[in-house]
Amino acid sequence: MPTNKPVDVVIVGFGWTGAIMAIELAQAGLNVLALERGEDASTVPNWAYPKVVDEISQSARNGLLQNLSKSTVTIRHHKDDRALPYRQIGSFKPGTGVGGAGIHWSGVHSRVMPQELRLRSHITERYGARFIAEGMSLQDWGISYEELEPHFDRFEHVCGTSGKAGNIQGRTLEGGNPFEAPRSHEFPLPPLTDPPTSALFAKATRELGYHPYPLPAANASRPYTNPYGCQLGPCNFCGFCSDYGCINYSKASPQTTILPLLYRMPNFALRTQAHVLRVNTDSTGKVATGVTYVDAQGHEIDQPAAMVVLAAFHLHNVRLMLSSGIGQPYDPDTGKGTVGRNFCYQLLNSVNLFFNQNVYINQFMGAGGVGQAIEDFYADNFDHAKLGFIGGGVIWGRQTGNGPVRGIPLPPGSPAWGSGWKAAVKENFLHTGRIESQLSNMAYRSCYLDLDPTYRDGYGTPLLRMTLNWQDNDLRMSEFFGEKLSQIGKAMGATAQSGRVLKRGDNWDTRPYQSTHINGGTAMGADPKTSVVNKYLQSWDVPNLFVLGANVFAHGIGYNPTGLVGALAYWSAANIRATYLKSPGALVRR
Amino acid sequence: MSSNDGQTSRRDFLATTLALAPLAVPLAGQSAAQSSKEEQLPNAAPAPDYPSVPDYRPSHFTPVEWAFINAACARLIPADEHGPGAVELGVPQYIDRQMGTAWADGGIWYMQGPFFAAAPEFGYQSQLTPKQQYRLGIKAIDALCQERLNKPFAALTAAQQDDILKQIEKGSLKSPDLPPAFFSGFLLRNVMEGYFGDPMYGGNKDMAAWKMIGYPGVRADYLEWVGEAKPYPYGPVSIYGKRG
């Protein structure tokens with residue numbers, strides 16, 4: 001097999017976490033190579049106006065998403081079922097190419113609630129250990145909010161995030177989120193202008209006694225230069241955000257915030273169309289020697305490296321751990337093993353609000369991250385003692401921008417075609433808004449990832465198999481939020497509501513889009529019996545292997561994960577630079 | 001609306017967009033990224049402009065299939081007092097042109113077997129590509145119409161056609177030869193795409209569907225309007241810069 005020249009660090013996958021780790025380690029003087037399975041892309045020409053603002057190519061035909069013909073996953077609800085391939089894009093949208101999902105994301109840029117990182121301890125302290133349901137694999141993450149705070153701050157300043165602080169170093173500030181954990185600094189940019197949905201949401205929730213605040217958005221509200229010298233232009237609310245690359249250099253992405261500087265560094269190299277098959281280890285199995293990848297011509301090539309970083313999307317990181325035989329795969333029958341354990345998702349309830357003809361929402365305007373939100377029911381911000389569930393989430397009135405190919409929501413009972421349908425779309429298109437609740441998803445013994453015994457990808461590798469269904473705890477929570485959404489929708493003045501609220505008895509439906517926020521599978525933690533990586537995202541088994549991404553979450557949080565994923569990558573990089581490089585080896589003793 | 005829309009031409013719009021684009025740090029010629037980049041630069045232009053034409057001849061569908069597509073489009077989105085119909089906006093042309101894309105051969109889906117019947121919530125589990133869905137779906141619906149009414153779908157009255165489509169939608173009219181996903185997953189979905197997609201794909205002639213619902217198309221610049229809950233005053237713009 002051809003073998004390339006060894007490098008100091010090989011990074012697998014070149015989206016957010018790959019770009020963060022690459023620039024941080026290249027700045028430390030290391031020789032860094034990033035391998036990306038997709039193609040290179042940049043604002044011009046790939047997302048230049050008007051080419052990219054095309055609903056057919058981008059939304060109807062998944063222009064920026066992983067081509068499932070090359071690789072996908074299989075899905076089942078229960079371990080005794082036969083898993084079937086995720087053949088078409090539906091419930092979640094993995095990206096591909098340079099920038100990864102950091103291209104087609106919306107830009108909602110949250111952190112984490114401190115109590116979420118020690119949820120088992122927190123619940124036990126407040127409600128007693130018996131409050132945690134049988135079958136729930138709730139565990140602490142082995143890291144504190146205080147340790148991560150400087151890295152949240154850093155990532156927000158890299159992204160030029162727009163928002164309003166509610167708590168700076170313990171001081172409560174008017175106009176921000178009163179439930180916010182202490183921040184060291186104000187957001188780098190002020191909040192975006194509220195579109196009509198968000199303005200109505202803020203007014204209604206305030207009148208209901210809740211505490212609306214502007215959702216943090218990695219969509220720039222002003223011109224901005226970040227710490228790497230990369231510049232962002234102000235968002236113009238074009239309405240093409242989620243599913244689209246930004247025409248305007250406004251949405252933070254690796255391309256707009258990191259790559260311009262990284263590409264100038266002579267000790268960094270990028271190889272695209274390089275699909276990594278496995279991480280190689282030496283005869284002890286305790287030292288990674290590099291990776292093997294397939295190039296564009298189908299040749300298998302060995303890339304030796306002193307250090308390996310898995311920075312692909314969740315699905316591919318977990319599959320690489322399993323197909324490389326690193327760590328012990330999780331066994332749902334015995335509860336032993338860690339790789340694949342704590343696989344979680346997120347529950348999204350989405351309610352369309354229909355207003356009278358004199359109320360103009362203009363849903364075609366908007367930005368991915370713009371909106372008003374409340375956290376009165378986030379995590380354990382409210383008393384769960386009598387509710388019978390653990391967890392919570394954000395409720396928001398976002399206006400993300402929507403066009404007719406992406407689907408025109410209609411009031412209940414509207415026909416799907418014909419003259420009646422036409423009358424309904426004409427009447428409603430300009431007068432429809434949407435509110436949502438995005439909810440945590442606890443970890444369960446019965447929800448996990450492993451390799452599929454039947455289906456393979458185009459490279460002959462077994463597909464990752466998802467075994468996951470909604471559980472009683474989370475569906476009870478969802479029903480609770482359904483009532484809140486309905487109450488808020490009425491208070492906003494909606495004359496009709498339609499949409500999806502998950503209820504007890506509902507199974508995970510893989511068809512309609514709900515969230516790309518899949519997580520867990522290589523959980524971080526303090527105990528190697530229940531986690532795959534330590535608090536520095538370093539493999540317990542192979543200390544020169546670091547694993548980034550939402551796959552290190554120990555359970556599904558209610559927030560959008562990118563802020564935490566980025567902060568964890570900065571935290572890991574900072575510790576590699578400060579400690580690991582001086583003395584390579586385990587940063588935490590087993 | 002175009003007569004009083006002198007404020008924002010596409011040229012002005014492009015100039016504004018370019019002015020907003022920051023002078024990002026240029027990419028370095030010496031970076032390893034550059035060499036692969038050169039080879040992979042995609043065409044910066046949008047897809048070719050194929051607006052609806054009156055004398056269009058289908059390149060994929062047979063005459064019998066073409067008659068069905070046109071008849072079905074006329075019922076799914078009829079011309080009526082609310083606005084233009086799918087046929088006059090070129091939706092059949094859109095669908096025929098889509099048959100020439102990778103999507104039509106299942107090129108963006110995982111299409112490896114084995115295939116198993118499954119609960120609906122596991123999504124598409126058929127081995128049929130979009131092209132095959134249309135071929136089998138049209139043949140099966142025409143056969144059902146022949147069997148019941150002695151005519152193919154296209155030769156039925158509008159009321160009969162509506163009745164057939166409603167029964168298929170509800171699932172009360174079935175045939176072992178009719179793929180269950182055909183009506184909602186392909187025909188109806190593609191009709192909506194063609195009706196509301198950019199005119200360069202062959203449907204939505206003169207952006208008439210956008211005008212009907214008040215959608216400004218790809219203007220994509222609402223900074224000064226987003227904070228106001230008011231009617232947006234300008235007509236639509238298409239990807240090729242035409243104004244409606």
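A: Let's begin at A:N342, which counts as buried because it has 32 C-beta neighbours inside 10 Å. Buried here means 20 or more other C-beta atoms within 10 Å of the residue's own, exposed means 12 or fewer, and partly exposed is in between, with C-beta atoms placed from the backbone. Please keep in mind that this is a predicted model: local features need pLDDT of at least 70 and side-chain atom pairs pLDDT 80 or more, while totals for chains, interfaces and linings use all residues. Residues are numbered from 1 along each chain as its sequence is written, chains are lettered from A and ligands numbered from 1 in the order written.

A:N342 sits in the loop between α10 (314-323) and β14 (347-354) of chain A. Helices (H or I, at least four residues) and strands (E, at least two) are DSSP runs, numbered from the N terminus. Most residues other than glycine have a negative phi, and most peptide bonds are trans.

In chain A, a cis bond joins A:V44 and A:P45, with omega about 10°, and A:P45 is in helix α2. In chain B, B:G113 and B:P114 are joined by a cis bond with omega about 0°. Here the proline, B:P114, falls in the loop between α4 and α5 (130-149) of chain B.

The two chains also meet: the contact takes 82 residues from chain A and 70 residues from chain B. Residues are in contact if their C-beta atoms, placed from the backbone, lie within 7 Å. Several elements of chain A each supply at least two residues to this side, including α2 (43-46), β10 (268-271) and α11 (418-428). α11(A) gives the most, with 6 residues.

Chain B has 8 helices and 0 strands, and 36% of its 244 residues are buried. Among its contacts with a separation of 6 or more, 63% are between residues 24 or more positions apart. One loop residue to look at is B:A86, found between α3 (63-76) and α4 (91-98) of chain B. B:A86 counts as buried, with 28 C-beta neighbours inside 10 Å. Leaving out residues up to four places away in sequence, B:A86 touches several partners, among them B:C73, B:L76, B:V91 and B:Y195.

B:V91 leads us into α4(B), which is mostly covered, since 8 of its 8 residues are buried. Among these buried residues are B:V91, B:Y94, B:D96 and B:R97. What covers them includes α3 and α7 (182-196) of chain B.

Back in chain A, helix α13 is also largely enclosed by the rest of the structure, because 14 of its 19 residues are buried. Residues of α6(A), including A:H151, A:F152 and A:F155, meet residues of α13(A), including A:G566, A:Y570 and A:W571.
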